[in-house]
Amino acid sequence: MLLPMGIGQLDAVMTVETAAYEFPWSRGNFIDSIAAGYAAQVLYGAGGELLGYFVAMGGVDEMHLLNITTAPPHQHCGHARFMLDALVALCRRRGARRLWLEVRRSNLRAQSIYRRRGFAEVGARRGYYPAPQGQREDALVMSLDIGAGGERDALD
């Protein structure tokens, strides 16, 4: 079940975030995203366990996926694909025509998920991510054409 992310869920979110990433978001990153009104949702399993979450920033006719994470014990179960599909549906409801994201060049598994969902590589950001030993890692910029579709068009 996808629900809006709130401050009360941040302990569980931070547990997943720090387990999933060598360079996790800070609690402040999540607080700022929630306070700014970004699309932030958490995915819970039938037993009430946190399976994953995403945070996306809306813009004029577009959305930018900032963070999507599946809890390590629940990876390879389709939860990231489910959350991406939910985000695309949210983009359509909000009239966004394009969804953007950055992904580590080394994260081939995530790139594969994005490509299967229709994302295309459109560029790179040099030194975008922190890496071990004070190094930086490039990000691939990927984009999905949402198009005009969705519920908003049905209302016009």
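The legends below describe close-up views of a predicted model. In this model, local features need pLDDT of at least 70 and side-chain atom pairs count only at pLDDT 80 or more, while totals for chains, interfaces and linings use all residues. Residues are numbered from 1 along each chain as its sequence is written, and side-chain values use heavy atoms, with hydrogens and water left out.

View 1. S33 belongs to helix α2, residues 27–35; helices (H or I, at least four residues) and strands (E, at least two) are DSSP runs numbered from the N terminus. S33 counts as buried because its relative accessibility is 4%; buried means under 20% relative accessible area, exposed over 50%, and partly exposed in between (1.4 Å probe, protein chains only). A polar atom of the S33 side chain lies 2.9 Å from the backbone oxygen of N29. Not counting residues up to four places away in sequence, S33 touches W25, Y38 and V55, where contact means heavy atoms within 4.5 Å.

**View 2. The largest nonpolar core.** This core has 27 residues, and M63, L65, L87, L99, Y114 and F119 have the most contacts inside it. A nonpolar core is a set of buried Ala, Val, Leu, Ile, Met, Phe, Trp, Tyr and Cys residues joined through side-chain atoms within 4.5 Å. Elements giving two or more residues to this core include β3 (50–59), β4 (62–70) and α3 (79–94); its largest share, seven residues, comes from α3. With residues up to four places away in sequence left out, L87 touches F54, A56, M63, L65 and L99.

**View 3. Strand residue L51.** L51 lies in strand β3 and is buried, its relative accessible area being 6%. Leaving aside neighbours within four places in sequence, L51 is in contact with L43, Y44, G45, T69, T70, A71, H74 and H79. The C-alpha atoms of L51 and W100 are separated by 23 Å, the two residues being 49 residues apart along the chain.

**View 4. Lining of the largest pocket.** A pocket is an open set of points on a 1 Å grid over the protein atoms alone, where a 1.4 Å probe fits, with protein on both sides within 12 Å along at least five of seven lines; lining residues have an atom within 4 Å of a point. Of the 41 lining residues, Y21, I68, T69, N107 and Y114 lie nearest the centre of the largest pocket. Strand β4 supplies the largest share of the lining, seven residues.

How values were computed: A polar contact is a pair of N or O atoms within 3.5 Å; within protein, one must be able to donate a hydrogen and the other to accept it, and residues adjacent in sequence count only if both atoms are side-chain atoms.
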